[in-house]
Amino acid sequence: MILEVRDLTKIFGGLKAIEEISFKVKRGIILSIIGPNGAGKTTLFNCLTGVLPSTKGHVLFEDEDITQRRPYEITEKGIARTFQNIRVFNSMTVLENVMIGQHSRSREGLLTAVLGTKKFQREEDEIRSKALEYLEFTGIQDYAATLAENLPYGDQKRLEIARALATEPELLLLDEPAAGMNPQETMALMELIKKIREWGKTVIIIEHDMKVVMGISDWIIVLDHGVKIAEGTPNEIQNNPYVIEAYLGKEEVDLLS
Amino acid sequence: MKKVLFMFWCALLSMPFMGIKGGAYLFVGICVSYGVYVLLAHLFGKIKKPAIPVNTKLLSTAFIAFAFILPFLIKDYYTDVAILVCIYIILALGVNIVVGFSGLLHLGFAAFYGIGAYSNALLTTHFGLGFWSALPLTLLFTSMAGLLLAFPALRLKGDYLAIVTLGFGEIIRLVLNNWDSVTRGPNGISNIPSPFILGFEISNLMYYYYLVLGFVLIAAFIVKRVYHSRTGRAWLSIREDETAAEAMGINTRKYKFMALSFGAFWAGLAGALFASKMHFVSPESFSFMESVFVVCMIILGGLGSIPGVILGSLILVLLPEVLRDFQLYRMLALGVGLVLMMIFRPQGLIRKN
């Protein structure tokens, strides 16, 4: 188990955004989290990565409790994420964006930078060449010198993935990676995510596009109103009455049966 | 439409001192020159900017060489102005780290400048230290002041941070003004000694210019090196998107602390140089206007760009000198200039990349 979530709860004022969610994630799989809008999917991501402090419950990453850690510490431990609304560093080049991802895997500070020591130079070269590798992996190496804000939408999403990969995570969280993409881009994205899995990383994605979810997931978790209502393989989920109800509404289901 | 409105506004502004007639002349003048420009542009196609490949290395070498022979070319009075320009460049480089790189709008930087100047003044006059032995202590004090301010301030963002830092700047100025027993209040501290190098007093303007120029080169070199390092990238990412920066494994709190104390460090150096140049410090040199002035410099030059910071300080210190004959109107000219910048070139004169 790479990740274990126990009774995770997040309350905003009087609203229970997620309520006592528990699940386990096996190493090397693609796990999808689905559910209607407002089901608490992104809140769950934010609690896992420390962006929001959880109200109750625990998150164990590689058997270590990371519940109340700050986001940067969690990234250091090996969880990386992308954001639902693109958050690339706009006025920096694509290459610089990915180089920032290497931050927690490098350590040279102010002094060696000022002196320009050999060690500093070597680390800097290493960061650059690794960043280029990740750009190549995600297929945007041609844009290395472009400002991130000038990138097409789909490539900005790829850049976010490249940047997250540059933090050298074991677990990658993707928040709606296919949103706003055309069918070709979506296909390419699915290939990319599969490639990341083949690389030995574990991936958790939040996604609305059912073609993507059913096409690449090894396991699916369904949330509704902050509660986990089902989990299983894509096949099981497709035939689960609770899931159909959550998506279509109770009356529709009654009508169908 | 925007341009015509703007011309009208310029003319309106000039009315109080040029009279209605003068304002009308100005309006017509600008209209005519703009018309000629449009006509020419129409006749000869779009007037393109000359696409000369700029060799930045050559350009900066030439600039530095020019700076070195400058005192031989100009009168003593202008050497004096050049020293002031250099001191402001160091100060602006410091502010640029905080405002330009890290995106923390800091409106109280005159406080660090003042702490630097007063530390130097007190250490040399009260404790009899020389400039060079006082300097490390001065830099230590200002960096510590930067850290101390960071504790309460970095819980805030954007406008709120600006207000708190503004308040901090005022507190320091008021303390300097009212703590009579130590700072001698509004009377200031005089008889601050000049620095010595190898037993040789740097009292001559030209020698002092070279000393300050040396510090400018060191400061620009160090800031540039840091900018192109892991630390610099971390600062930039905080400016761009703090949440994403944190998700990239950057301890944003730590890097903000670093930015503030590193920025204050340069402000302290500028302050120490200012004190030993003037041989006198008083609280009024470190008012709120001073902070605004420095932020204007880096905005004018181009936020985050080191050559931009240098150009911005150059222009904003020289402008009042050049316009000395128009005493009354120079602040107005400055204001109009800044408004013009914001309308036509909001990214500053020299843009990064």
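Two strands pair if DSSP finds at least two bridges between them, and strands themselves are DSSP runs (E, at least two residues), as are helices (H or I, at least four), all numbered from the N terminus. With that in hand, look at Asp175(A), which stands opposite Ile206(A) in E8(A). This is a predicted model, in which local features need pLDDT of at least 70 and side-chain atom pairs count only at pLDDT 80 or more, while totals for chains, interfaces and linings use all residues. Residues are numbered from 1 along each chain as its sequence is written, and chains are lettered from A and ligands numbered from 1 in the order in which they are written.

**The sheet in chain A**

- Six strands of chain A form an open sheet with mixed pairing, in the order E6-E7-E8-E3-E9-E10.
- At the edges are strand E6 (79–81) and strand E10 (227–232) of chain A, each of which pairs on one side only.
- From one strand to the next, the twist averages 20°.
- E7(A) and strand E8 (residues 202–206) of chain A run parallel and are joined by five bridges.
- Helix H1 (residues 41–48) of chain A packs on the sheet and touches E3, E6, E7, E8 and E9 of chain A. Its direction makes about 145° with that of E7(A); axes are lines fitted to C-alpha atoms, for helices over the stretch in contact, and angles run from 0 to 180 degrees between N-to-C directions.
- Helix H10 (residues 241–248) of chain A also packs on the sheet, where it touches E9 and E10 of chain A. The direction of this helix makes about 130° with that of E10(A).

**Domains**

- Chain A is assigned domain 1 (1–78 + 169–257) and domain 2 (88–168); such bounds come from an automatic or database domain assignment.
- The C-alpha centres of these two domains of chain A lie 27 Å apart.
- Ten residues of domain 1 of chain A are in contact with nine residues of domain 2 of chain A, where contact puts two C-beta atoms, placed from the backbone, within 7 Å.
- On the domain 1 side of chain A, the elements giving two or more residues are helix H2 (71–77), strand E7 (171–175) and helix H7 (183–198).
- Chain B is assigned domain 1 (1–51) and domain 2 (60–344), and 36 Å separate their centres, taken over C-alpha atoms.

**Where the chains meet**

- The contact between the chains takes 20 residues from chain B and 28 residues from chain A.
- On the chain B side, helix H8 (205–227), helix H9 (230–240) and helix H10 (242–247) of chain B each give two or more residues.
- H9(B) supplies the largest share of that side, seven residues.
- Ile250(B) lies in the loop between H10 and helix H11 (252–278) of chain B, and among the residues it touches are Tyr72(A) and His103(A).
- Why does Ile250(B) count as buried? Ile250(B) has 25 C-beta neighbours inside 10 Å, and a residue is buried if 20 or more other C-beta atoms lie within 10 Å of its own, exposed if 12 or fewer, and partly exposed in between.

**The nonpolar core**

- The largest nonpolar core has 163 residues, and Ile90(B) and Leu91(B) have the most contacts inside it. Such a core is a set of buried Ala, Val, Leu, Ile, Met, Phe, Trp, Tyr and Cys residues joined through C-beta atoms within 7 Å.
- Helix H3 (residues 76–101) of chain B gives the most to this core, with 16 residues.
- Leaving aside neighbours within four places in sequence, Leu91(B) is in contact with residues including Tyr113(B), Trp266(B) and Val294(B).
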